[in-house]
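Hello,

Here is the structure I promised to pass on. Please open it first, then read my notes below.

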Amino acid sequence: MTRPVRLVQIGMGNVGREVVRLLMESRERWLHRYGVNVCYAALLDTQGGVVCPDGIPDRVLRDLVAAKETGQSLAENSVGMRVSPLEALQRLGPDLGPVVLVDCAAGGGTYEAIHQTLLSGGSVVLSNKAPLAVDQERYDHLMEAGQSRLLNEATVGAGLPVLSTLRSLLDSGDEVIEIQACASGTLGYITSELMAGRQYSEAVSQARELGYTEPDPRDDLSGLDVARKALILARTFGRRLEPGEVRVEPLLPPLDTGLSVQEFMDALPEGDGEFSERVARAQRSGCSLKYVATIPAEGEVRVELREAPERSQVGSLTGPDNIFVFRTREYREQPLTIIGPGAGPTNTAMGVLEDVLQSARQVRV
Ligand SMILES: NC(=O)c1ccc[n+]([C@@H]2O[C@H](COP(=O)([O-])OP(=O)(O)OC[C@H]3O[C@@H](n4cnc5c(N)ncnc54)[C@H](OP(=O)(O)O)[C@@H]3O)[C@@H](O)[C@H]2O)c1
């Protein structure tokens with residue numbers, strides 16, 4: 001029997017729970033096909049977690065997923081405790097062999113745990129963008145600690161092979177000229193609805209009702225999530241830039257920033273006129289409005305609502321699908337393009353799982 005590779009997972013939200021479920025399904029297959037034996041040594045949320053160096057049994061994993069679904073914290077469970085990700089890693093100690101830290105949390109609070117894991121020879125898999133959207137100096141510290149052991153496919157395009165495609169282009173000596181991306185399912189849906197004749201306020205309300213937006217739709221409409229993806233793409237092909245250097249045009253009308261969510265929803269019709277005008281202008285020139293990230297090899301990285309010719313790949317995209325168009329030295333005339341669903345817990349978890357398998361194969365002991 002091969003010695004197990006221990007997983008420490010931070011985050012048991014929509015994505016994290018799906019990762020646990022899919023991993024339980026995949027483990028036997030991985031063992032037989034690749035000789036890779038993985039087990040969960042720790043699961044963590046904001047309140048604490050469950051730490052078990054010998055591996056959390058499947059029955060307990062299932063209970064924990066079910067309990068998280070009902071809103072319980074891991075620390076409230078009979079096997080749970082108040083423990084931070086860093087403390088959990090210290091408890092596991094160095095004698096157990098390398099760990100794979102899986103970050104499915106939201107926000108920058110996991111940076112230190114990631115850094116420590118890389119420094120101690122472990123691997124890291126992220127769906128969480130925030131630890132990679134830090135200032136350039138802190139980003140460099142992560143790369144110096146273990147660039148090849150940090151995998152983050154799911155941070156851009158969820159389960160779509162976006163970053164692996166970019167990396168394989170670079171590894172084979174190709175050079176990026178420019179990447180264009182519609183990298184938000186939510187904003188893709190809203191812009192498609194605008195082009196279909198809906199008012200801005202209706203499109204945003206509908207997206208919220210369908211569960212496409214965060215509880216506060218401004219978190220999507222601010223464009224910051226797309227800006228983080230643009231920053232990650234840019235840094236992946238070697239650009240050095242600070243988060244503040246990405247120019248972001250929010251998909252928001254000029255409303256007071258201090259409004260509650262309900263006040264904001266009530267005020268949305270104030271934006272209808274402005275967005276209807278932009279739709280009409282785009283249609284007059286045979287274009288669609290799309291929320292596009294443009295990441296050139298040099299010059300400004302920007303995230304904005306812009307017109308794309310209706311017949312172009314970007315302009316003809318509909319609904320929440322994502323598109324990533326790589327114009328490179330070798331794919332100059334006909335850019336290499338990836339289209340598909342770029343969000344959702346299952347697609348994202350599949351991207352995470354692929355990286356977990358790759359990491360586990362690298363650290364097999
Ligand atoms: N959903 C998607 O389609 C998608 C696609 C690509 C990438 N992502 C990224 O994947 C990550 C997870 O997404 P999600 O939809 O699962 O989010 P979510 O439902 O909000 O879950 C976040 C989880 O992380 C935990 N958490 C947050 N900060 C933490 C910290 N500092 N320490 C320990 N635990 C922490 C939360 O704990 P509590 O349970 O205690 O609150 C929660 O369990 C996010 O970063 C998101 O941007 C999501």
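**What I found**

Helices H3 and H4 are roughly parallel to each other. The axes of H3 (residues 85-92) and H4 (residues 111-119) cross at roughly 25°. Angles under 35 degrees count as roughly parallel, so this pair qualifies. The two axes come within 8 Å.

Which residues meet there? On the H3 side they are Pro85, Leu86 and Leu89. On the H4 side they are Glu112, Ala113, Gln116 and Thr117. The residues of this contact divide into 4 nonpolar, 2 polar and 1 charged.

Keep in mind that this is a predicted model.

Now the whole protein. It has 13 helices and 12 strands. Its radius of gyration is 21 Å, close to the 21 Å that the globule rule gives for 365 residues, so the protein is as compact as a globular protein of that length. The C-alpha atoms fill a box of roughly 65 × 50 × 35 Å along the principal axes. Buried residues make up 41% of the 365. Take the contacts with a separation of 6 or more: 72% of them join residues 24 or more positions apart.

Next, the ligand. There are 28 residues around the ligand. Which come nearest? They are Gly11, Gly13, Asp45, Thr46 and Gly109. Helix H1 (14-34) and helix H13 (345-362) each supply at least two residues of the shell. H1 gives the most, with 3 residues. The shell divides into 12 nonpolar, 14 polar and 2 charged residues.

Best wishes

Note on methods: Residues numbered from 1 in each chain as written. Predicted model: local features only at pLDDT ≥ 70, side-chain atom pairs only at ≥ 80, totals over all residues. Helix = DSSP H or I, 4+ residues; strand = E, 2+ residues; numbered from the N terminus. Rg over C-alpha atoms; globule rule 2.2 N^0.38 Å. Buried ≥ 20, exposed ≤ 12 C-beta atoms within 10 Å, placed from the backbone. Contact = placed C-beta atoms within 7 Å. Axes fitted to C-alpha atoms, helices over the stretch in contact; angles between N-to-C directions. Parallel < 35°, antiparallel > 145°, perpendicular 65-115°, else oblique. Nonpolar A, V, L, I, M, F, W, Y, C, P; charged D, E, K, R; others polar. Near = placed C-beta within 6 Å.
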